[in-house]
Every structure is written in C-alpha cells, then in structure tokens.
Amino acid sequence: SRGLGDVYKRQSLVSVFAGEGAASQPIEAFTTLGINNVKHRAHSSPPTQIDVVTLAVRGDFHVLFGQQGLLTFVRHIANIRSITIVGVGADLPRIRAEVYNNTVGVPIHFVDETFFKRKYKHVLRAAYSKVFQQLIKLHIFEIGWLLPSVLIVDSDTAWSRDVQFVYAAPDLRVVYYGQHSESGACNGMDPTNWIGTLLPPRCKIVNCQNRHILHHMVFQRDVMAHLHREVTAKWNATSLWESVYLCWRHHPECRGRVSEYEAYYQFASIYYPERI
C-alpha cells in the first residue's frame, strides 16, 4: 500500500543490527507487501499495538491454513496491526492463494527467507540445520516496517482464547511468557550451557528443567537491540548471528540446543524484569 510504502522508504532498509558482510540487496528486495490487498495508512501506532510474525514451514500449512491457524491469530490476539509471513519464495503463490481463502482483515506481508540465507547462512556455518529459523527470529527487526513489539508465533499454532500481550505505558508490560517444567535430569538438549556461555554472565539459567520454549514469544525492539549489543561486544562480532557461530565453534558448551525464546526470555528477565 502507498501508506505503508511511504513509511518503509523513510526507514533504514538495512538492519539496525547489521555489521560487515550485509546482503548485496536490501531486505525490501525480498518482500511482498499487502499480499491480501488489505491496506493500512501510515500513522503513529499506540504502544499496545503489535505486529505478528510467523515463519511458515510448508509442513505446517495444514495448521496455518487448513485448520485456520492464521485466522485464529486475528480472532483471539488483541491489537494486531499486521501479520508478516517469512518463508520460502517458491511457496508465495500457495501462501497468497491460502491467504485469500482465509479472509483476514489485517494486512499480511511476505518476506523471502533468502535474504537471511544470503546475508548470514551462506557466510557462516551453524551448529545444526534447524538453527536457521531460530536465528532468523533473533534478527527479526531487520524487517524494517515492524512495530516496537512483535509477537513471534510458530506456524504450527492455532489460538483458542483471547489474549492481550502488551499493556500501556508507563511500563509497557508484556505478559504471557509461558513456562513449563520437565521432570528428570537435564539431557543435553536443554539450552542451559548455550545460554550460559553465549549471553552476558548475569544471564545464567538457574534450573534447566524450567523452560520458556513454547510456540510464541513477544520480542521488543529496544530489548532485542540491547541483547545484540551485549552479545556482539562480548564476542567481538559483527552480529548476533556471528556471535552464535563463534560460540559454537570455540566452546563445546555452545553445542547444545539453541533456543531463541529461552535466550530472549533470560535476557529480558534480568535486564527488564518490570516488563514480564
């Protein structure tokens, strides 16, 4: 839409967290705006408004579209301004068709994950193949039009009850960071050692059996920017993505499970406890 486009052109098209080795093309070259032809005008958004981002995995389309998971986002999550789908470019025609079939009254945008592949994955190795999506989420604010508060929802999720995630000033409180506990000893697949090594020393997980790895989490721009600054400074890296790679390459402790949700939660709970 013209309104959104004007906002986007006024913003930096390169990540606020980007360092050396940025992709040869800005992220706008990998985006499709308003794939459902629902437009919104450029205006200042209230602090309680959020954008939703989902990383669409083809194997999850039966939930996201077939079981109307996308529709449940809009039906039950308060104050959504827009939805952004990050996925494989070849899937865009199907996603567009499915979006038209799932009538949703908010703008839906698409970002081809190739941007992140060219900028990071093709340059740096990773601990294991599935870590790609986790790291995209930690760099989600490279998408220039997103609001300060972004709800990440896994694409195999359907919402079943009403919820509001961000409450008004002065504290911009964020709610609904879920937690679940697992019985038994930590089995090496928990992110305890990874977080304890990657993040600043204050961010130590006390009990690895208490997890915040569910199907969603609110990320906030200022918290995420602070997280990037702290981690890249610790590892003398150009990006958080590179920091994860350096941690994995040089420290066996970093070769356990990588969890974007747990890393963000642990950082926010230490540095911004008033928001949780």
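## Glutamate 262 in helix H10

Glutamate 262 counts as buried because its relative accessibility is 1%; buried means under 20% relative accessible area, exposed over 50%, and partly exposed in between (1.4 Å probe, protein chains only). This residue lies in helix H10, residues 260-271. Helices (H or I, at least four residues) and strands (E, at least two) are DSSP runs, numbered from the N terminus.

This is a predicted model, in which local features need pLDDT of at least 70 and side-chain atom pairs count only at pLDDT 80 or more, whereas totals for chains, interfaces and linings use all residues. Residues are numbered from 1 along each chain as its sequence is written, and side-chain values use heavy atoms, with hydrogens and water left out.

## The chain and its cores

The chain has 10 helices and 8 strands. Of its 276 residues, 54% count as buried.

The largest nonpolar core has 52 residues, and those with the most contacts inside it are Phe116, Ile140, Phe219 and Leu227. Such a core is a set of buried Ala, Val, Leu, Ile, Met, Phe, Trp, Tyr and Cys residues joined through side-chain atoms within 4.5 Å. Apart from it lies another core, of 29 residues, which includes Val52, Ile85, Leu92 and Val163.

## Helix H4

In helix H4 (residues 92-101), the residues Leu92, Ile95 and Val99 are buried. Seen down the axis of H4, its buried residues fall within an arc of 60°, so they line one face of the helix; the arc is that of the directions from the helix axis to the C-beta atoms. On the other side of H4, Pro93 and Asn101 are exposed.

## Salt bridges

Side chains of opposite charge can pair when their charged atoms come close. The structure holds 8 salt bridges, each defined as a side-chain nitrogen of Lys or Arg within 4 Å of a carboxyl oxygen of Asp or Glu. One of them joins glutamate 260 and lysine 137, with the closest N and O atoms 3.0 Å apart. Glutamate 260 lies in helix H10 and lysine 137 in helix H6 (residues 131-138), so the pair ties together parts that are 123 residues apart in sequence. Both glutamate 260 and lysine 137 are buried. Lys137, Asp154 and Glu260 are linked in a network of salt bridges.

Aspartate 91 and arginine 58 also meet through their side chains in a salt bridge (2.9 Å, N to O). Aspartate 91 counts as buried because its relative accessibility is 7%, whereas arginine 58, at 49%, counts as partly exposed.
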